[in-house]
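Subject: Handover of a structure and summary of findings

Dear colleague,

Please find below the structure that I am handing over to you.

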Amino acid sequence: MTAAAEKTNLLGMPKAKLEAFFESLGEKRFRATQVLQWIHQRGADDFDQMTNMSKALREKLKQVAEIRGPEVVYDETSKDGTRKWVMRMDNGNSVETVLIPDGERGTLCVSSQIGCSLDCTFCSTGKRGFNRNLTAAEVIGQVWVARKAFMPFEPGPDRPITNVVMMGMGEPLLNFDNVVDAMNLMMEDLAYGISKRRVTLSTSGVVPALDRLSEVTDVSLAISLHAPNDELRNKLVPLNKKYPISELLAATKRYFARLPDKRKATIEYTVIEGMNDQPEHARELAVLLRDLPCKINLIPFNPFPESDFRRPSMNATRRFQNVLNEAGYITTIRTTRGDDIDAACGQLVGRVEDRTRRSQRYIQVQQVNP
């Protein structure tokens, strides 16, 4: 018998890979359709549940494959209805996944890495350092676990998860292949059937990977910008030193130019008191984005222990919004959700065994400068 550790986890396989898997077993390709539906539309994690397949095939699958999602170690609901899961992955590290209900819509914020290899100064995840990329099974497993939390596990118009955003822990484009496989499952009609307009990848600007993305998918795109010029963005998003704003916006335009329909980029802008929240910053941003069809999402900074940044006043944020609205941009202010359980934007931390030693350096700096 194949050791459990060597079994193939079918949870993260999109249709094409699952078809190839069954062909490798000498089975017909249509078995992939059956298994996809059992796993992702009925929540099955046991081959014995798959009653439209022969007992012989089910026994064969038990020998070589498994359906294994992340282990839930924390499940808490905020007073505003936001729900957060901490999920333990292989090797003991964990990530956080958040579901934000809003009327008939439920938006699931999914992580792509354990920690984050970037070090954006306004984000708590980055201060925890980085351990590794998640597998495709671990990425889609977050959707699978969240969906299983709402029973019955059946497809239909009343699904609790209508939108998925790759905005959790990590930079999705630095885990390219696994994230693409997971997003394909999110959009697969035989799995979750979520519209490409409702699956959004958020990136800080890995330009070569962004260009590659347009060759394999047409999901919606959010750009984690946070500054109207390179000098300021270099301080907030260190990746900008490698891929400055001009290159990032050019790649964003190329991505949307290749889409078969007309969609707008979402520009994410974390508003930080005394850093990037002045009307002149808003005016500069309006000029910067004038050639990019986009909508702007202002995110008031959510404090966390390792940061000296402060949340802006609502008046300052609204002044910033008004400048952009007057310039003709659709501009929204993101409502802070789940901050009482540390589930708000920029607050996700999980448990990360930091290979970069970044978290240790931050602790040492805090001890020197309390």
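Buried residues account for 56% of the 370 residues in the protein chain. Please note that this is a predicted model. The accessible surface of the protein chain is about 16,600 Å², and carbon and sulfur atoms hold 48% of that area. Among the contacts in the protein chain with a separation of 6 or more, 67% are between residues 24 or more positions apart. In secondary structure, the protein chain contains 12 helices and 14 strands.

The sheet

Ten of the strands deserve a description together. They form an open sheet of 10 strands with mixed pairing, in the order E3-E4-E5-E6-E9-E10-E11-E12-E13-E14. The edges are taken by strand E3 (71-77) and strand E14 (331-333); each has a single partner strand, so one side of each lacks a neighbour in the sheet. From one strand to the next, the twist averages 20 degrees.

Within this order, strand E6 (residues 105-109) pairs with strand E9 (residues 163-166) in the parallel sense, over 3 bridges. Cys109 stands opposite Val165 of E9. Helix H6 (residues 176-187) lies across E9 and strand E10 (199-203), and its direction is at about 155 degrees to E10.

Strand E12 and its neighbours

Which strands does E12 pair with, and in what sense? E11 pairs with E12 in the parallel sense over 3 bridges, while E12 and strand E13 (residues 294-300) run parallel and are joined by 7 bridges.

The annotated cysteines

An unreviewed UniProt entry lists Cys116, Cys120 and Cys123 under "binding site". Cys116 lies in the loop between strand E7 (113-115) and helix H4 (124-127), and Cys120 is in the loop between E7 and H4 as well.

Are these two cysteines buried or exposed? Cys116 has a relative accessible area of 10%, and because buried means under 20%, Cys116 counts as buried. The relative accessibility of Cys120 is 10%, so Cys120 is buried too. Leaving aside residues up to four places away in sequence, Cys120 touches Lys127, Ser204, Leu236, Val237 and Pro238.

With kind regards

Methods
Residues are numbered from 1 along each chain as its sequence is written. This is a predicted model: local features need pLDDT of at least 70, side-chain atom pairs count only at pLDDT 80 or more; totals for chains, interfaces and linings use all residues. Side-chain values use heavy atoms; hydrogens and water are left out. Two strands pair if DSSP finds at least two bridges between them. Helices (H or I, at least four residues) and strands (E, at least two) are DSSP runs, numbered from the N terminus. Axes are lines fitted to C-alpha atoms, for helices over the stretch in contact, and angles run from 0 to 180 degrees between N-to-C directions. Contact means heavy atoms within 4.5 Å. UniProt positions are given in the numbering used here, feature names are shortened, and annotations may be inferred rather than shown by experiment. Buried means under 20% relative accessible area, exposed over 50%, partly exposed in between (1.4 Å probe, protein chains only). Accessible areas come from the Shrake-Rupley method with a 1.4 Å probe; for residues, only the protein chains shown count as cover.
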